[in-house]
Amino acid sequence: MKKIILSVISIVVAAVLFGGCSSGNGLPGVKTEDAPKADTVKQSDYNNDLEGLEKYLNALGYIPDDCKPVEMMYTVIGAKAGNRYNFNVDNSPVYVELYEYDTDNLNEEAKRVISEINKDGKYYVFGESSKEDAAAYEATISMNGKYMVSYSISSSGDNVVQRKKDFISEVENFYK
């Protein structure tokens, strides 16, 4: 019985870690030479919420069409909503987390996370005995304070790094 339970737990953990945008033999992807469609996409055509932001980033070509979000445990960081995307940029894995905050009704955890990001460019997930033991995640808050993005890449290639900067800039400026 224990083996069955451990097997089920292993499958669930694997699905959470590798789910989202997985397809048959890998993650969907974009190429950096596929320029974002900034001149044909207008922010005002999208709702000022997480779903609108995600559709906007998809229309720009930053999130692949076949990449589906995985809902995150957003309440842990005081957010209103949050999703993770896994995909490739130039065959390099990318992990993006997008969160939305209710700026008119921030709880103490949301205030802490936003303050840490604005101060250090990262936030800490507690659960350990001290901040020094906590996991730290790089993140950026949008200019309107409503959205947070955490974007991780494993490549240091100039094009991939530039794509990350451009993606973050779009989030920062979404309904500023």
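Tyrosine 56 counts as buried, at 5% relative accessibility, where buried stands for under 20% relative accessible area, exposed for over 50% and partly exposed for values in between (1.4 Å probe, protein chains only). The structure is a predicted model, in which local features need pLDDT of at least 70 and side-chain atom pairs count only at pLDDT 80 or more, whereas totals for chains, interfaces and linings use all residues. Residues are numbered from 1 along each chain as its sequence is written, and side-chain values use heavy atoms, with hydrogens and water left out.

Across the whole structure, a search finds 7 aromatic pairs; rings of Phe, Tyr and Trp (its six-membered ring) pair if their centres lie within 6.5 Å, and planes under 30 degrees apart count as stacked, over 60 as edge-to-face and the rest as tilted. The ring centres of tyrosine 46 and tyrosine 56 are 5.8 Å apart and the planes stand at 65°, so this pair is edge-to-face. The two tyrosines link distant parts of the chain, 10 residues apart, with tyrosine 46 in the loop between β1 (29-30) and α2 (50-60) and tyrosine 56 in helix α2; helices (H or I, at least four residues) and strands (E, at least two) are DSSP runs, numbered from the N terminus. Ring pairs also join Tyr46, Tyr56, Tyr147, Phe174 and Tyr175 into a cluster.

The buried residues of α2 are Leu50, Gly52, Leu53, Glu54, Tyr56, Leu57, Ala59 and Leu60. What covers these residues, by contact (heavy atoms within 4.5 Å), includes the strands β3 (81-89), β4 (92-100) and β8 (147-153) together with helix α4 (158-172). After α2 comes glycine 61, whose phi is positive, near 95°.

A search of the whole structure finds 6 salt bridges, each defined as a side-chain nitrogen of Lys or Arg within 4 Å of a carboxyl oxygen of Asp or Glu. In one of these, the side chains of lysine 80 and glutamate 100 meet at 3.6 Å, N to O. Lysine 80 lies in the loop between β2 (70-71) and β3 while glutamate 100 belongs to strand β4, so the bridge ties together parts that are 20 residues apart in sequence. Lysine 80 is partly exposed, with a relative accessible area of 48%, whereas glutamate 100 is buried, with a relative accessible area of 5%.

Glutamate 100 also forms a salt bridge with lysine 146, the closest N and O atoms being 3.7 Å apart. This second pair links distant parts of the chain, with lysine 146 in the loop between β7 (140-141) and β8 and glutamate 100 in strand β4, 46 residues apart. Both lysine 146 and glutamate 100 are buried, and Lys80, Glu100 and Lys146 are linked in a network of salt bridges.

In helix α3 (residues 108-120), the side chains of lysine 111 and glutamate 108 meet in a salt bridge of 3.6 Å, N to O. These two residues are 3 residues apart in the helix and are therefore separated by about one helical turn. Lysine 111 counts as partly exposed, at 43% relative accessibility, and glutamate 108 is exposed, with a relative accessible area of 60%. Glutamate 116, also placed in α3, counts as buried at 9% relative accessibility, and its side chain makes a polar contact of 2.8 Å with the side chain of arginine 112. A polar contact is a pair of N or O atoms within 3.5 Å; within protein, one must be able to donate a hydrogen and the other to accept it, and residues adjacent in sequence count only if both atoms are side-chain atoms.

Asparagine 86, in strand β3, is buried, with a relative accessible area of 1%, and a polar contact of 3.2 Å joins the side chains of asparagine 86 and arginine 84.

## The two sides of helix α4

The 15 residues of α4 should span 21 Å at 1.5 Å a residue, and the end C-alpha atoms are 21 Å apart, which agrees; the expected span is 1.5 Å times one less than the number of residues. The buried residues of α4 are Val160, Arg163, Lys164, Phe167, Ile168, Glu170 and Val171. Seen down the helix axis, these buried residues fall within an arc of 155°, so they line one face of α4, the arc being that of the directions from the helix axis to the C-beta atoms. On the other side of α4, Asp158 and Lys165 are exposed.
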